[in-house]
Amino acid sequence: MIWEELNPALVFTDVDVSSSDDVMNQIGGALIREGYTKESYIQALIERENEFPTGLDVDGYGVAIPHTNVAHVNKAGTAIAVLRNPVTFHVMGGDDDETVKVSLVFMLAVVDPDKHIEELQQILAIIQDTAVLEKLKHATSAEEIITTIAEKEKAS
């Protein structure tokens with residue numbers, strides 16, 4: 001379960017960013033500082049996001065799940081950010097012009113490419129519940145985010 005692995009130092013509320021690149025720099029920077037990823041992680045994230053966008057529109061809630069190649073990761077982890085103001089991401093699997101305003105980001109540091117599909121499925125199970133998305137969007141602390149995800153995963 002995701003909640004058991006979450007590091008409160010990688011869970012953020014009210015993140016003030018102005019672009020998807022800002023998200024990559026701020027949240028990716030936290031993963032670097034905490035030792036989860038290498039210095040090359042942020043640039044690799046940006047490049048991968050340009051090629052394979054991760055924005056999703058989940059019943060009107062914008063969510064992004066950026067991640068990149070295992071070569072840029074030291075150990076597995078997930079950073080979560082609730083953005084103060086939504087920023088534009090391109091839509092996963094959409095055409096080049098299709099965008100979504102994202103307010104919630106799950107940034108992955110993946111070490112096992114085979115397990116990353118499983119982790120994506122766990123995240124999708126969480127974000128498909130709009131009541132959970134609403135709670136996450138209005139969370140005021142890392143503990144509140146972790147508790148919300150734990151409650152959802154335990155109920156599933």
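**Helix contacts, salt bridges and the sheet**

Student: Which residues in helix 6 do Gln-122, Ala-125 and Ile-126 in helix 4 meet?

Tutor: This is a predicted model, in which local features need pLDDT of at least 70 and side-chain atom pairs count only at pLDDT 80 or more, while totals for chains, interfaces and linings use all residues. Residues are numbered from 1 along each chain as its sequence is written, and side-chain values use heavy atoms, with hydrogens and water left out. Helices (H or I, at least four residues) and strands (E, at least two) are DSSP runs numbered from the N terminus, and contact means heavy atoms within 4.5 Å. On these terms, Gln-122, Ala-125 and Ile-126 in helix 4 meet, in helix 6, Ile-149, Lys-152 and Glu-153.

Student: How do the residues of the contact of helix 4 with helix 6 divide?

Tutor: The classes are nonpolar (Ala, Val, Leu, Ile, Met, Phe, Trp, Tyr, Cys and Pro), charged (Asp, Glu, Lys and Arg) and polar (the others, Gly among them). Sorted in this way, the residues of the contact are three nonpolar, one polar and two charged.

Student: At what angle do helix 4 and helix 6 pack?

Tutor: Axes are lines fitted to C-alpha atoms, for helices over the stretch in contact, and angles between N-to-C directions run from 0 to 180 degrees. The axes of helix 4 (residues 113-127) and helix 6 (residues 142-155) lie 10 Å apart, with an angle of about 100°. That makes helix 4 roughly perpendicular to helix 6, given that 65 to 115 degrees count as roughly perpendicular, under 35 as roughly parallel, over 145 as roughly antiparallel and the rest as oblique. The packing angle is therefore about 100°.

Student: With which residue do the side chains of Lys-152 meet in a salt bridge?

Tutor: A salt bridge needs a side-chain nitrogen of Lys or Arg within 4 Å of a carboxyl oxygen of Asp or Glu, and here the N to O distance between Lys-152 and Asp-129 is 3.2 Å. Lys-152 lies in helix 6 and Asp-129 in the loop between helix 4 and helix 5 (130-137), so the pair ties together parts 23 residues apart in sequence. Lys-152, at 19% relative accessible area, is buried, since buried means under 20%, exposed over 50% and partly exposed in between (1.4 Å probe, protein chains only). The partner, partly exposed at 22%, is Asp-129.

Student: How many residues apart are Asp-16 and Arg-84?

Tutor: The side chains of Asp-16 and Arg-84 meet in a salt bridge of 3.4 Å, N to O. Asp-16 is in the loop between strand 1 (11-15) and helix 2 (20-33), whereas Arg-84 is in strand 4 (residues 77-90), and the two are distant in the chain. Asp-16 is partly exposed at 47% relative accessibility, as is Arg-84 at 43%. Their separation is 68 residues.

Student: What is the order of the strands in the open sheet?

Tutor: Two strands pair if DSSP finds at least two bridges between them, and strand 4 and strand 5 (residues 99-109), running antiparallel, are joined by 10 bridges. The sheet has five strands with mixed pairing, and its edge strands, each pairing on one side only, are strand 1 and strand 2. The order is 1-4-5-3-2.

Student: Is Thr-54 buried or exposed?

Tutor: Thr-54 lies in the loop between helix 3 (41-51) and strand 2 (55-58). Leaving aside neighbours within four places in sequence, Thr-54 has contacts that include Arg-48, Ile-65, Phe-89 and Met-92. With a relative accessible area of 1%, Thr-54 is buried.
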